[in-house]
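I opened my notebook to look up how this chain is put together. My entries follow, one topic at a time.

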Amino acid sequence: MDDLNRALALNPKQAETWYLRGVANVAREDFPRATADYNEALKLNPEEARAHWLRSRILAAAGRPKEALAAVETALKLDPKAAEYILSRAGLLADQGLFDAALKDNETVLAGTQKLPHYQARAWKQRGDLLADGPEPDEEAALDAHSRAIRLAESI
């Protein structure tokens, strides 16, 4: 962290260094500083999709779902095929009771990541959660999805 602070002192106009310090602050669970770092990185480079996505995750953890959804939407405008961003949006949509939209995002990830077992496992796990927690719970389908997720994760 000291190296990042020195780099910022020498060149505070470098967005990447702010972004990296934000990542380090998340790892230390210093979410207010991480948010400030991501905000600074985004001021300097508003096209950094990953910073928008990470900011979204912090906002969601802080109980600010509408802001979190807006931030992940921005990330997806910049990188529309990023599976982890789509999965995050699906989770945020589900948290707001928008299960059909969440399932649609989940299906997009399942269809687009067939050769990426780590995303498949995450998507099947999320699908199981959505099917179990939705307005019309389907325990059998949820169990099947969770079982698939476990098998995929074990293979990794």
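**Entry 1**

I noted the cut-offs: angles under 35 degrees count as roughly parallel, over 145 as roughly antiparallel, 65 to 115 as roughly perpendicular, and the rest as oblique. The axes are lines fitted to C-alpha atoms, for helices over the stretch in contact, and the angles run from 0 to 180 degrees between N-to-C directions. The helices themselves are DSSP runs (H or I, at least four residues), numbered from the N terminus, while strands are E runs of at least two.

Which residues of H6 meet H8? I found Ala83, Glu84, Leu87, Ala90, Gly91 and Ala94. On the H8 side they meet Tyr119, Arg122, Ala123, Gln126 and Leu130. Contact here means heavy atoms within 4.5 Å.

**Entry 2: Ground rules**

I wrote down that this is a predicted model, where local features need pLDDT of at least 70, side-chain atom pairs count only at pLDDT 80 or more, and totals for chains, interfaces and linings use all residues. Residues are numbered from 1 along each chain as its sequence is written, and side-chain values use heavy atoms, with hydrogens and water left out.

**Entry 3: The whole chain**

I counted nine helices and zero strands in the protein chain. From the N terminus on, the elements run α-α-α-α-α-α-α-α-α. The C-alpha atoms fill a box of roughly 55 × 35 × 25 Å, taken along the principal axes. Of the 156 residues, 41% are buried. Buried means under 20% relative accessible area, exposed means over 50%, and partly exposed is in between (1.4 Å probe, protein chains only). I also checked contacts with a separation of 6 or more: residues 24 or more positions apart account for 40% of them.

**Entry 4: H5 and H6**

Next I looked at H5 and H6. They pack at an angle of about 155 degrees, with axes 10 Å apart. H5 and H6 are therefore roughly antiparallel to each other. Their crossing is left-handed. A crossing is left-handed if the near helix is turned anticlockwise from the far one by less than a right angle, and right-handed if clockwise.

From H5, the residues Ala68, Leu69, Val72, Glu73, Ala75 and Leu76 take part. They meet Tyr85, Ile86, Ser88, Arg89, Leu92 and Leu93 in H6.

**Entry 5: H6 on its own**

Is H6 largely enclosed or open? I found 11 of its 13 residues buried, so H6 is largely enclosed by the rest of the structure. Among the buried ones are Tyr85, Leu87 and Arg89. The buried residues of H6 pack against H4, H5, H7 and H8.

At 1.5 Å a residue, its 13 residues should span 18 Å, and its end C-alpha atoms are 18 Å apart, which agrees. The expected span is 1.5 Å times one less than the number of residues. After H6 comes Gly97, with a positive phi near 85 degrees.

**Entry 6: The core**

I then turned to the largest nonpolar core, which has 40 residues. Such a core is a set of buried Ala, Val, Leu, Ile, Met, Phe, Trp, Tyr and Cys residues joined through side-chain atoms within 4.5 Å. Tyr38 and Tyr85 touch the most other members. H6 gives the most to this core, with eight residues.

Not counting residues up to four places away in sequence, Tyr85 touches Ala49, Arg50, Trp53, Val72, Ala75, Leu76 and Asp79.

**Entry 7: Single residues**

Asp105 lies in helix H7. At 7% relative accessibility, Asp105 counts as buried. Leaving out residues up to four places away in sequence, Asp105 touches Ile86, Arg89, Ala90 and Leu93.

Gly22 is in helix H2. Its relative accessibility is 0%, so Gly22 counts as buried. Beyond neighbours within four places in sequence, Gly22 is in contact with Ala34, Asp37 and Tyr38.

Last, I checked Glu29, in the loop between H2 and H3. Glu29 is exposed, with a relative accessible area of 62%. Its phi is near 60 degrees, a positive value in a residue other than glycine. Most residues other than glycine have a negative phi.
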